[in-house]
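Me: I have a protein model open and would like to learn how to read it. Could you walk me through a few features?

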Amino acid sequence: MTTLDRRTLLAGMGAGLLAACEAPRNGSDLAEAKKPAEGGIGGTGIVGTLTDFSSLIVNGLRVATPPDMRVTTALGPARAADLAIGQSLTIEAARAEAGLAARRVHITHPVIGTVGRAAPDGQRGEVAGVPVLLEPGAIGRLTPGQRVALSGLWRGGQVIASRLDPVAGGLDVIAGVAERDEGRPQGGRLRVGGVPVDLQGRSTPPVGSFVTVTGAHQGDRLVAAEIVLGRFVGAAGPLEALSVEGYLDPIPTAPFYAVSGLGHSFDAGAELAPFRESRSVFSGPYSGTFDVATGLMLPEAFEPRRALIRRIAAGETSKLLRPAR
């Protein structure tokens, strides 16, 4: 059975083991990394928040940015200069002499749209029909009527935002897990982040898959102009490992939890209950499922989290080594 152990994660990150695409190991069941499934989706896939530069620092990993790195968003190509602290990134990285090198960086906005209602302090509200809570230390504030691009993590049907940026008028975006109307898993409407999606005659994405819908709101529906499946496009070759920041949602089958808004399933042997209430980073090999090996609980506020991640990236882990459960 897979064991989640904070010591293994921190040591692996601090020594650059994940950066070298070595599968994190803990116990005999992970003595040999599983081979990547056919049609893998990246070398090392990293899903998390950008906390620092001097390379990209995400989830305690330092990822180099070579000149041929591609930067993308749901609305089209971007530039390395568009990357900013607090953004949600999906990185496809390959082995490099000094660790990891990004082949593609996708700025993954869970929601792009218009702010509806908002609390007077601008810290809580709704964007394009999705409930939003700004984490302590988040960059920006919610202003009714403003169009914004949110960075952050899904937690159930809510986005915990780390950054929001004003955007010009144009298409709306919702990126998350494809679901059906509650109680109608086969025949209900498609929903992403709780928002009904009008597919405009397109095939319905598989329930549980990660999907990015671009379109325009009409009433409470998002009318799709484009639907893209998956987070990764194979820019770094076959998938070998994942490092993922997120919250857990309960599910009815083993291992009884999934990362909210992710679209990757854990292997059934993962022991996730200790992390059920926390923002966490998970890592491990990928073999068609996320064979999660390690987990680390993170502070909710941005600056304490950033300070912790800086220490991990610098290899200063000795005072952080304690069991995760």
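Reply: Happy to! Strands (E, at least two residues) are DSSP runs, numbered from the N terminus. A residue is buried at under 20% relative accessible area, exposed at over 50% and partly exposed in between (1.4 Å probe, protein chains only). This model is predicted, so local features need pLDDT of at least 70, side-chain atom pairs count only at pLDDT 80 or more, and totals for chains, interfaces and linings use all residues. Residues are numbered from 1 along each chain as its sequence is written, and side-chain values use heavy atoms, with hydrogens and water left out.

Me: How many residues of strand 6 are buried?

Reply: Seven of the nine residues in strand 6 (residues 88-96) are buried, leaving this strand mostly covered.

Me: Which strand pairs with strand 6 over six bridges?

Reply: Two strands pair if DSSP finds at least two bridges between them. Here, strand 1 (residues 44-52) pairs with strand 6 in the antiparallel sense over six bridges. Strand 7 (residues 99-107) also pairs with strand 6 in the antiparallel sense, over eight bridges. Look at Ala93 in strand 6: Thr44 is its bridge partner, and in strand 7 its partner is Ala102.

Me: What joins strand 6 to strand 7?

Reply: A hairpin does, running through two residues.

Me: Which strand gives the largest share of the lining of the largest pocket?

Reply: That is strand 13, with four residues. Strand 13 covers 172-180, and strand 19 (248-250) and strand 20 (257-259) each supply at least two lining residues as well.
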